Amino acid sequence: MMIPDFGEEAQYKLKESSVLVTRAGGLGGTVAFYLAAAGVGKLVVAHGGNLTRSNLNRQILMTHDWVGKPRAEKIRETLLRFNGDLALEVLAENATEGNAAHWVEGVDLVCDCPPTFEERYALNKAIVYARKPMVEAAMNSMECHLTVIVPGKTPCLSCLYPEPPSWWEPLGFPVLGAVSGAVACLAAIEAIKMLTGIGEPLAGKLLQMDTLAHEYRKFNIRRDPKCKVCGEL
Ligand SMILES: [Zn+2]
């Protein structure tokens, strides 16, 4: 509340806000943690499946003794142990075209953090239809990308990537936990800015970060008027 332009008013706005975080892995787990720390009133966190040993270099909500058990239970335990005042709903499944619209309906903002384009496209369609903002965060190896999608005003994910890029394959990219955590912290900041109205969010801008060389670039991005998802808005 001591942050200039934040104050008690913005803190109350966070308390009254609800955010969907899809996948609580190296990216989403850190986003959820810092949104819980900031005092966001309600979090809906979706992540299916059981914890594997290979997840543990990045999934900071998990613990070694939980390998082989459902991630969703540990997500609930860790976040509520950290902030017992949090209204928390944990969904033990990943986003699909079948469930995304329903999930998006009940929240103010989405943080899109899955490792697959399939899930990201499902959420992109759902937020465009519902006219809800979405923080789009991604990483690959030592690089990160971050933008904020405001349907009808900024490019949506399909404007930027009408098809999955040729280099991409499911879970075929390396992750350093500190890199996913770094972009996750920035994504949480964007979510907080959108929810409270402070500062200038990365709406219509793409932040690209190369953490190896520490080169950070910000591009203006434009909507595709022929976009299959948001072109009609
Ligand atoms: Zn679009």
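**Note on the predicted model**

1. Helix H7 is followed by Gly197, whose phi is positive, near 85 degrees; helices here are DSSP runs of H or I with at least four residues, and strands are runs of E with at least two, both numbered from the N terminus. Residues are numbered from 1 along each chain as its sequence is written. The model is predicted, and local features need pLDDT of at least 70, side-chain atom pairs count only at pLDDT 80 or more, while totals for chains, interfaces and linings use all residues.

2. As for the whole protein, it contains seven helices and eight strands, and its C-alpha atoms fill a box of roughly 50 × 45 × 40 Å along the principal axes. The radius of gyration (taken over C-alpha atoms, with a globule rule of 2.2 Å times the number of residues to the power 0.38) is 17 Å, which agrees with the value near 17 Å for a compact globule of 233 residues.

3. Of the 233 residues, 40% count as buried, where buried means that 20 or more other C-beta atoms lie within 10 Å of the residue's own, exposed means 12 or fewer, and partly exposed lies in between, with C-beta atoms placed from the backbone. Among contacts (C-beta atoms, placed from the backbone, within 7 Å) between residues at least 6 apart in sequence, 69% join residues at least 24 apart.

4. Returning to H7, this helix covers residues 177-196, and its end C-alpha atoms are 28 Å apart, in agreement with the 28 Å that its 20 residues should span at 1.5 Å a residue; the expected span is 1.5 Å times one less than the number of residues. Its buried residues include Val179, Val183, Ala187, Glu190 and Met194. Leu186, also found in H7, counts as partly exposed because it has 17 C-beta neighbours inside 10 Å. From C-alpha to C-alpha, Leu186 lies 8.7 Å from Ala137, although the two are 49 residues apart in sequence.

5. Helix H5 (residues 117-130) has 14 residues and reaches 20 Å from its first C-alpha to its last, close to the 20 Å expected. Because 10 of those 14 residues are buried, H5 is largely enclosed by the rest of the structure; among them are Glu119, Arg120, Tyr121 and Lys125. The buried residues of H5 pack against strands S1 (18-22), S4 (109-112), S5 (134-140) and S6 (143-149), and also against helices H4 (100-105) and H6 (157-160). After H5 comes Arg131, with a positive phi near 55 degrees.

Conventions
Two residues are in contact if their C-beta atoms, placed from the backbone, lie within 7 Å.
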